[in-house]
Amino acid sequence: MSCAVWWVRRDLRLADNQALQAALGHGEQIVPLFILDPKLLDSPKASPRRNAFLMAGLRALKADIERLGGRLLIRRGDPAQELPRVVAESGATAVFAEEDFSSYARRRDSQLRRQGVPLQLTAGLTIQAPDLISKADGTPYTVFTPFSRAWKSRSPLDLLQPLPVPAQIRVPEHLDSLPIPAEAAQDPPHFPAGEAEAINRLHAFLQGPTSPVDQYHERRDRPDLDGTSQLSPYYRFGMLSARTAAAAVADLVRQRGERQGADVWLNELIWREFYISILANFPHVSRRSFRPQFDRIAWVNDPVSFDAWCQGKSGYPIVDAAMRQLRQTGWMHNRSRMIAASFLVKHLLIDWRWGERYFMQQLIDGDPAANNGGWQWVAGTGTDAAPYFRIFNPILQSKKFDPSADYIRRWLPELSAVPLKYIHEPWRMPAPIQRQSGCRLGIEYPAPIVDHAAARERALAAYRQAKSSALPGI
DNA sequence: TTTTGAGTTGTTCGA
DNA sequence: GTCGAACAACTCAAA
């Protein structure tokens, strides 16, 4: 009886799954397999919370597969050993998996092929394969706007056809499976794992009674509001495919006509495709700057400041609120990510890789491509050719994007009684008001660890220096 | 090959 | 408070 392995990696879904469909098309039986890879689960960039989300996702996937009459096999170890073992035990003649483009994934998959494992990679992580969108001369785009234009012209939304959930999954009986480990970290309460939850969220965002997507363009930048879809963890593990999301937006536009909110939201999906394409085509970005001259920045890298930043004790309320949201929930609003990241890189002059690693250790949605792209954008070392002196002012950002300070008060209870007039910059609060509001500087809430104006000048000087010393031979 | 227009998300300064 | 200019000069994409 012919048989194929469906090797699940970061595509924990039954709908619109090209690897699954290819495996089903190969033979009468399939082996749904997930390999717990210690190299990934215990890496320095792994996160207990993200691992817990993954395990919960596996439990959901297992139940979904069982509902179709199948089983999910769990194995543990190096895929280079475990995958051939499962292939031998099952007699499978092919292995299908969704292609992933991180450096580790590429090395792993090409090694397996060199070993002779009949591994076939399918598309699906992105809507457009990273090597498909290229300039006229065949080289990849490095600027978002032209990339997005090419992406849109190559991919008319009306033509997107997500694949159905299979009716039945038949799995050989005799194969052993480990249990799904119970993780030390709790399942993240804000993000119940699983494909059903992802689909519910997608529909609630697009079509719910309030249709949040229609206000997305106005509300997406406001961390104090609930204006985003919060689907990122689900894309991260493929509990929802990008194509399903894009097709749902296309449906909406067909029903109700063009909408600004839908367009801006779709653009965010294209950003995701862009950064995956950057990582795939320029793998050096995971270790170094996209632009080599910025590898010469003289970072200060003060561990004490870094620790204060991690703990949300920088003395800048908007930065600290962001970092505490991250610590407490494993998720952070996009605007907050930019503000917090900019503060670390520009105000503290700490290497963006330190921040990148910390975010990966905390974020449930932590994705190598998007996280790296975002950090390099903030650091000014990435694909964005904008001027390096664009340094966020955390006070202005705070007043602009958290005007009532609801976000600050939510995550920093010690500031809850501080008057709005002072809450964005509590160091300006007169001593009597500090006592009155129960928020004394240096006691209940820290004094700022750097002065904005001085830090800004220092960052400008460091970047200027890096640029001028980048001349060859000097 | 050369030229031209443009580049997610900004800040500061001075009128 | 609001507005426009300056910030500094580079790289990319496409004609």
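User: Which residues of α14 do Ile318, Val319, Ala322, Met323 and Gln325 in α13 meet?

Analyst: This is a predicted model: local features need pLDDT of at least 70, side-chain atom pairs count only at pLDDT 80 or more, and totals for chains, interfaces and linings use all residues. Residues are numbered from 1 along each chain as its sequence is written, chains are lettered from A and ligands numbered from 1 in the order in which they are written. Helices are DSSP runs (H or I, at least four residues; strands are E, at least two) numbered from the N terminus, and contact means C-beta atoms, placed from the backbone, within 7 Å. The five α13 residues meet Ser336, Ile339, Ala340 and Phe343.

User: How many residues of the contact of α13 with α14 are charged?

Analyst: Asp, Glu, Lys and Arg count as charged; Ala, Val, Leu, Ile, Met, Phe, Trp, Tyr, Cys and Pro as nonpolar; the others, Gly among them, as polar. Seven residues of this contact are nonpolar and two polar, and the number of charged ones is none.

User: How are α13 and α14 oriented to each other?

Analyst: The axes (lines fitted to C-alpha atoms over the stretch in contact, with angles from 0 to 180 degrees between N-to-C directions) belong here to residues 317-329 and 334-347, come within 9 Å and cross at roughly 115 degrees. Angles of 65 to 115 degrees count as roughly perpendicular, under 35 as roughly parallel, over 145 as roughly antiparallel, and the rest as oblique. The orientation of α13 to α14 is therefore roughly perpendicular.

User: Which residues of α16 take part in the contact with α11?

Analyst: Helix α11 (residues 260-281) and helix α16 (residues 368-379) have axes that come within 8 Å and cross at roughly 95 degrees. From α11 the contact takes Arg272, Tyr275, Ile276, Ile278 and Leu279, and from α16 it takes Pro368, Ala369, Ala370, Asn372 and Gly373.

User: Is α14 perpendicular or oblique to α16?

Analyst: The two axes come within 9 Å and cross at roughly 55 degrees. That angle is why α14 relative to α16 is oblique.

User: What distance separates the centres of domain 1 and domain 3?

Analyst: An automatic or database assignment divides chain A into domain 1 (3-125), domain 2 (126-164 + 194-281) and domain 3 (292-468). Taken over C-alpha atoms, the centres of domain 1 and domain 3 are separated by 38 Å.

User: Which residues are the closest to DNA strand C?

Analyst: A residue is near a strand if its C-beta atom, placed from the backbone, lies within 6 Å of it. Ten residues surround DNA strand C, and by class they are eight nonpolar, one polar and one charged. The closest are Lys135, Tyr141, Thr142, Pro146 and Pro387.

Terms used. Two residues are in contact if their C-beta atoms, placed from the backbone, lie within 7 Å.
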